[in-house]
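User: I would like to learn how to read a few features of a protein model, one at a time, with the general idea ahead of the particular case. Could we go from a pocket to the strands and then to a helix?

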Amino acid sequence: MFILGMLLCPALNGVWSFNLYAEHPTIYRGPSGSYFGYSVDFYQATTDSNTISVLVGAPKANTSQPGIVEAGAVYYCPWPGLPDSCRQIPFDNSNNRMMKANGTREPLEFKSHQWFGASVRTHKGKVVACAPLYHWRTLKPSGDKEPVGTCYVAVQNFSAYAEYSPCRTNDPDPEGQGYCQAGFSVDFTKEGRLVVGGPGSFYWQGQVMTAGVAEILNGYSLKAILRQVPGEKHTRAAEDTHDDSYLGYSVAVGEFTGDSEQELIAGVPRGAQNFGYVAMINSNNLNFIQNITGEQMASYFGYSVAVTDLNGDEMDDMLVGAPLYMEREMESKPREVGRVYLYLQMAPLTFSNPVVLTGTYTFGRFGTAIAPVGDLNQDGYNDVAVGCPFGGEERGGRVLIFNGNRDVATQGLTLSQELRAAWSPAGGLPGYGFTLRGGYDLDNNQYPDLIVGAFGAAEVSVYRSRAVVSVDAEMILTPKILNPDDRQCHLPQTDLMVTCLKVNVCAAVSGIGIPSSVELRAELQLDWLKGNRGGVKRVLFLDTQQPQHTGHLTLGHKRPHACLSYTIFLKEDDEFRDKLTPISLALNYSLAPFLRSRSLPPVLNHYSSTFLQEHAYILLDCGDDNICIPDLQLSASMDRSELVIGNDNLVMLTITAVNRGEGAYETELHTVIPPEADYIGVERRVESLSQLNCEYKMINESRMVVCDLGNPMVAGTELSVGLRFSVQRLEDARPKISFELQMHSSNKDNSNSNPVSLNLSIVAKAQLDLRGVSHPSQVVLPFPRWEPKEKPIKEDDVGPQVTHIYQLHNSGPSSIQQAELQVGWPSRFRDENLLYAMEIKTVGPITCRTNTSLNPLGLQIITLQDTPELLGFLRNTSTSSERHKRAVTPVQSYTGKTLNCTNISCLRIMCVVGRLDRGQSAVIEIRSRLWAQTFLQRRNDPYILNSTVSSMVTAMPYRIQPPTFPEHSISMGTLVLWGTPDVSFAVPLWVIILAILLGLLVLAMLTLAMWKCGFFDRARPPAEDDVSDQEQLTSDQRGEA
């Protein structure tokens, strides 16, 4: 199936006013609530008459018929006419006919609420109007009322009328024609034979009937209730599987067998198990020829049918409406939008796959009405109008105009216009577009017009088609190549001579029925592409020095061709950069406002371009062909190949750009940077690198740095530049990020350099340190004046406090997402406690749990202040890993027993560490009591109590994960020593006193013996001072002598 890719929505530009004059339609109004506009048609009394009027059905209108309520009427509306100029046509002025039954006069028929005017059709002066809800009293004794329906035919400008009720027969009841509702649909063949649809016959199988208008008129009498029209034909009842199918819901005529005889097309919207189908019926014997079935159940395929030639192959094509079609964008939320199917006749009884038109307004009932409208724009192909009576804002209704073309089978129909009511609905649904009729030229301008009914508002709008003007325009430039050195024009109000060229804008008009004089508005824009991109205009008009000018051309039958001439000049070289790209001159033309208000203004052909473009060029120093072919070469390197997440990650790209060919114009270096990088600037500290002008830009959602390499970048130029970047946003980065580099120029040939891609590897690394401290580092037993209690109550009843603290520190540079810490705590030896764990404290993103409960004896906790040493350790969360840790080697100097998880029972503590960024730590503090009783029972034996901790990183917060995660394990010991050895053989006090006394006695006896021996009576030798005094005295005596 060929689906036409078309949006039927108000956002389409240029489809609102092609050539149906939507601004001021002719409006006719009927009585409120009469459903005026339920059916419409054109009326031409004779083929020779130039006067065409409008007929409008109003099936709920009241008439002058005595005793009849809402019989319905058909109105004659002259054109041109005022809104209230319509008058009722007197098809039937009589009351209900009466009959004698059971000795009383009873109504034979019931015309109230019969919906006369629900269908109206004309053909060469013949008019038929039907009342499908007309009831009559059957001839059965029970006198049942049955809606057989009836029609009235009028000829000779409504001077002769005749009733035609083909289902008012001796075959009543539902199984016969009792519920026929003849006239539900009606049409004429090209010979003028009447075609009537009655969808209620034979248990609503439906039927189609035909009769000649002349036969209906001949011999007609009001008294003939049951009348068989000569030559009348009916389709017959089918098998009961066809019940409730509604054959005849819509009817049309066309030629599809190649025998020049028209076939009847009848819609059967509930046939084929509610998929609906269209039946093709032989008009001579009413035998069924072919069926076309719908694609979706309950879409009411066949609600409307129409026949016309849309691709100009002189074969009738068929259109079928399915206004309840549901579009299933989502299976759970289908939208009822309606659809029209176009079947192109390829050969007799052979059709193409359907070309599909799908509505867009939910519940708009697109396809309710389909009307061939003739060739609206006189392009040689018929067009069609489709009604969407409940579409648009406030469900006011829309009418869509589709233009035929030669390639309908492949390109589909083209939406050229969407009509809407000239008023806004004020309560209720106006149903604008519920009925349509076209194909007649009301105003004799050689273009067919369109009638649109809005029965809910009791209004009818008549749209006239405007003459279509086709324009053949051209723009001539002399010369096309501007030589900046050839200055032949004088710039007004200056002394400058400038380079210039001549521009001639010429146009010719054509079209059917166009006015004798057409004024064309031509707007010329210079270098218009530069204006769209925000560039500098390189050429201006010589007289105004402006980049645009609007002129007018008056054309018509006497002057079918005309031209405008302009002079433009080239600006100085230093006023613009772009010397290579063509100078684009754009011509936009339109029709000037039409001043004659009484005449219908023409319109430009919607399918002809109103835009024309030509190019001029600047002469370049690029050889005889004026074409520069550069040879751009690019190389680049980086100062590093790997980045670690968390580092500063500064990167410099060193780039070398070379042109080894002819001049390259508007040459730029484009460096597409990855999302993780930010541009810092050009490296200016290295003298060998060029100081280029580089800017950060967003181009087509790509982040890039653009550097100007020259305009032009002449042959032999070699430039080097350093670009500095910071790469930070690496959390979601892939293992590699790339910088994409390339040189671009505006040259037509060989405009780009070789692309260069520089890759950086991204890794995640985190240096973790695990350290610990024991406070105190050793415990000396026993304590003076302290004894453990047999039944401790408070925690200090069992022994001194011992605290082990572990810190997991991330030195970076990368962060960790999660790590696990496992602690083995020396808690028990057999049934005796060692380090009795009281509580666990944590600092930072860490949570812990144990395999057994803490403080199982429920000892009363005493709040103690941490020592300055402990406080310093807890606060030191950013200590460098090189800082010296508290020495634990003194423990090794003792040859005591080591107690750890290999030879005792340990309390298991499992901790989960959250995210640790660079410089952050997680600390776990395990506070316990040394169970002194256990050690006092083993005096003089030194012990080392070791706790062990291991860490393992399990995840890092990056898309990139390292091949292995860091792992550490350490142990921390607390030494238990003895201060006073316990000697079991202590000396009694009296022995010590006796020993002292004996010592004193021996000393006294020794002193006495030495005194007896004269040891203390020896002569004392002279001192040195005495000798000196004697010598001095002797010398003094000799001197006196």
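User: How do the residues of the lining of the second largest pocket divide into nonpolar, polar and charged?

Analyst: A word on the source comes before the reading: this is a predicted model, in which local features need pLDDT of at least 70 and side-chain atom pairs count only at pLDDT 80 or more, while totals for chains, interfaces and linings use all residues. Residues are numbered from 1 along each chain as its sequence is written, and side-chain values use heavy atoms, with hydrogens and water left out. For the classes, Ala, Val, Leu, Ile, Met, Phe, Trp, Tyr, Cys and Pro count as nonpolar, Asp, Glu, Lys and Arg as charged, and the others, Gly among them, as polar. On that scheme the lining of the second largest pocket has four nonpolar, six polar and 10 charged residues.

User: How much space lies in the second largest pocket, and which residues are the closest to its centre?

Analyst: A pocket is an open set of points on a 1 Å grid over the protein atoms alone, where a 1.4 Å probe fits, with protein on both sides within 12 Å along at least five of seven lines; lining residues have an atom within 4 Å of a point. Grid points are joined across faces, edges and corners, and the volume is the space filled by probe spheres set on the points. Here the second largest pocket holds about 580 Å³ of space. Of its 20 lining residues, Lys 530, Arg 577, Glu 666, Glu 668 and Ser 746 are the closest to the centre.

User: Between which domains does the second largest pocket lie, and which strand gives the most to its lining?

Analyst: Domain bounds come from an automatic or database domain assignment. The second largest pocket lies between domain 3 (469–593 + 601–618) and domain 4 (632–763), because both give residues to its lining. Strands are DSSP runs of E with at least two residues, and helices are runs of H or I with at least four, both numbered from the N terminus. Strands β55 (694–699) and β56 (702–710) each supply at least two lining residues, and β56 gives the most, with three.

User: What covers the faces of β37 by comparison?

Analyst: Both faces of β37 are covered: Asp 449, Ile 451 and Gly 453 are buried on one side, and Leu 450, Val 452 and Ala 454 on the other. Six of the six residues of β37 (residues 449–454) are buried, so the strand is largely enclosed by the rest of the structure. Six bridges join β36 (residues 432–440) to β37 in the antiparallel sense, where Leu 436 has Val 452 as its bridge partner. Five bridges join β37 to β38 (residues 459–463), again antiparallel, and there Val 452 stands opposite Ser 461.

User: How is the length of helix α8 checked against what its residues should span?

Analyst: The expected span of a helix is 1.5 Å times one less than its number of residues. For the 24 residues of α8 (residues 989–1012) this should give 34 Å, and the end C-alpha atoms are 35 Å apart, which agrees. Just after α8, Gly 1014 takes a positive phi of about 80°.

How values were computed:
Buried means under 20% relative accessible area, exposed over 50%, partly exposed in between (1.4 Å probe, protein chains only). Two strands pair if DSSP finds at least two bridges between them.
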